[in-house]
Amino acid sequence: MVQFTTPIRIDGTEYEVCGVSTISNPKSNSLVFIQKKYQALLANLKDVTGCSVIAESGMEISEKLYKLNNFILTDNPRLKFAIIYSQLAESDEKYNKSRGYSNINGSIIGENVSVGENTLIEPFCFIDHDVTIGANTIIRTGTKIRRNTIIGSNCFIKENAVVGTPGFSFERDENDNFVKVPQLGGVRIQDNVELGALTTVDSGAIEPTEIHSQVKMMDHAHIAHNVIIGEKTVVGAGTTIAGSTKIGKNVWISPNSTITHQISIGDGVVIGLSSRVHKSVPKGTTMINEAADTIERTIEFTKYKKVY
């Protein structure tokens, strides 16, 4: 959930919200949106109160839910959500603009930053407000760490990595202009993680982007918003993982691979050099070549070509 510093009123309504949450995990007094195709998830709202729910017109909403929460009906809930979320984020940012930074050992450090024992932050780093870094972690020079980021203990972040910058997400309005969806969910990096030089890890939109324990990334990797990477996974140099994709445990992703958005990669998957993965992959599968097909299908196709 994204938590605002103080409650913020939604323009044109009497509703105030304290943050933004998802329909999968709604929190009381927060902004939420839902589309018709996720109608069943309305049941999640029965245990919360005071939410401002942007819902698609024509959805069946019970009287009980209307008593517990506030509903804003629209034909395009994603666009309406993007517009309202942007307004709320702009209001919240006014507070952050008033906060100061300190120069500590040649790095710029914001307010409400917690740094664990024996952690080294080299000169010329930037650590934004509301960041937590665990013990025995090394942050190499030139690294930028944005708000709402938590980094565990015994991590190693190499030169010029960028963690927590807003992810890439837009909606088009009725005039075909882009409306940016704020990305304030932050990043959560667990213990014993290594990020390569010039690696970027984008902030989640509402829930954090998650890098689990003992993940190792080589240089120039890009992890988009809302991605979850399971423990002991290796991400090769130059690899791109697009938004809202879930990577399992003990996955090996070879260099220069590209994994599309909103898919799942199962535990123990091996992805070969320069693969392009466009669909979910079950656990224990090996994917190779540019078409990112299974090794079994590739061998069979090679046999076919030899015969004919």
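Strand E3, residues 30-34, is mostly covered, with 5 of its 5 residues buried; buried means under 20% relative accessible area, exposed over 50%, and partly exposed in between, with a 1.4 Å probe and protein chains only. Strands (E, at least two residues) and helices (H or I, at least four residues) are DSSP runs, numbered from the N terminus. The model is predicted, so local features need pLDDT of at least 70 and side-chain atom pairs count only at pLDDT 80 or more, while totals for chains, interfaces and linings use all residues. Residues are numbered from 1 along each chain as its sequence is written, and side-chain values use heavy atoms, with hydrogens and water left out.

**Strand E3 and its partners**

- From E3, Ser30, Val32 and Ile34 point one way and Leu31 and Phe33 point the other way, and all are buried.
- Strand E2 (residues 16-20) runs parallel to E3 and is joined to it by 2 bridges; two strands pair if DSSP finds at least two bridges between them.
- Val20 stands opposite Leu31 in E3.
- Strand E4 (residues 52-56) also runs parallel to E3, and 4 bridges join the two.
- The bridge partner of Leu31 in E4 is Ser52.

**The chain as a whole**

- The protein chain contains 3 helices and 35 strands.
- Its radius of gyration is 22 Å, close to the 19 Å that the globule rule gives for 308 residues, so the chain is as compact as a globular protein of that length. The radius is taken over C-alpha atoms, and the globule rule is 2.2 Å times the number of residues to the power 0.38.
- Along the principal axes, the C-alpha atoms of the chain fill a box of roughly 70 × 60 × 35 Å.
- Of the 308 residues, 44% count as buried.
- Among contacts with a separation of 6 or more, 22% are between residues 24 or more positions apart; contact means heavy atoms within 4.5 Å.
- The accessible surface comes to about 15400 Å², and 50% of this belongs to carbon and sulfur atoms. Accessible areas come from the Shrake-Rupley method with a 1.4 Å probe, and for residues only the protein chains shown count as cover.
- The mean positions of the 31 positive and 33 negative charges are 5 Å apart. Lys and Arg count as positive and Asp and Glu as negative, while His and the chain ends are not counted. The place of a charge is taken as NZ of Lys, CZ of Arg, CG of Asp or CD of Glu.

- Ile228 has Lys246 as its bridge partner in E28.

**An open sheet of 10 strands**

- A sheet of 10 strands, also open, has the order E6-E7-E10-E13-E16-E21-E24-E27-E30-E33 with mixed pairing.
- Strands E6 (102-104) and E33 (276-277) stand at the edges with a single partner strand each, so one side of each is left without a neighbour in the sheet.
- E6 and strand E7 (residues 107-109) run antiparallel and are joined by 3 bridges.
- In E7, Ser107 is the bridge partner of Ile104.

**Residues in loops**

- Ser169 lies in the loop between strand E16 (162-165) and strand E17 (170-172). Ser169 counts as buried because its relative accessibility is 12%.
- Leaving out residues up to four places away in sequence, Ser169 touches Val179, Lys180, Val181, Gln183 and His225. Ser169 and Ala82 are 87 residues apart in sequence, and their C-alpha atoms are 9.5 Å apart in space.
- Gly116 is placed in the loop between E8 and strand E9 (120-121), and counts as partly exposed at 24% relative accessibility.
- Apart from its neighbours within four places in sequence, Gly116 is in contact with Ile133, Gly134 and Ala135. The C-alpha atoms of Gly116 and Phe156, which are 40 residues apart along the chain, are separated by 14 Å.
- Asn136, in the loop between strand E11 (131-133) and strand E12 (138-139), has a positive phi of about 60 degrees although it is not a glycine. Asn136 is partly exposed, with a relative accessible area of 38%.
- Asn250, in the loop between E28 and strand E29 (252-253), has a positive phi near 55 degrees and is a residue other than glycine. Asn250 is partly exposed, with a relative accessible area of 47%.
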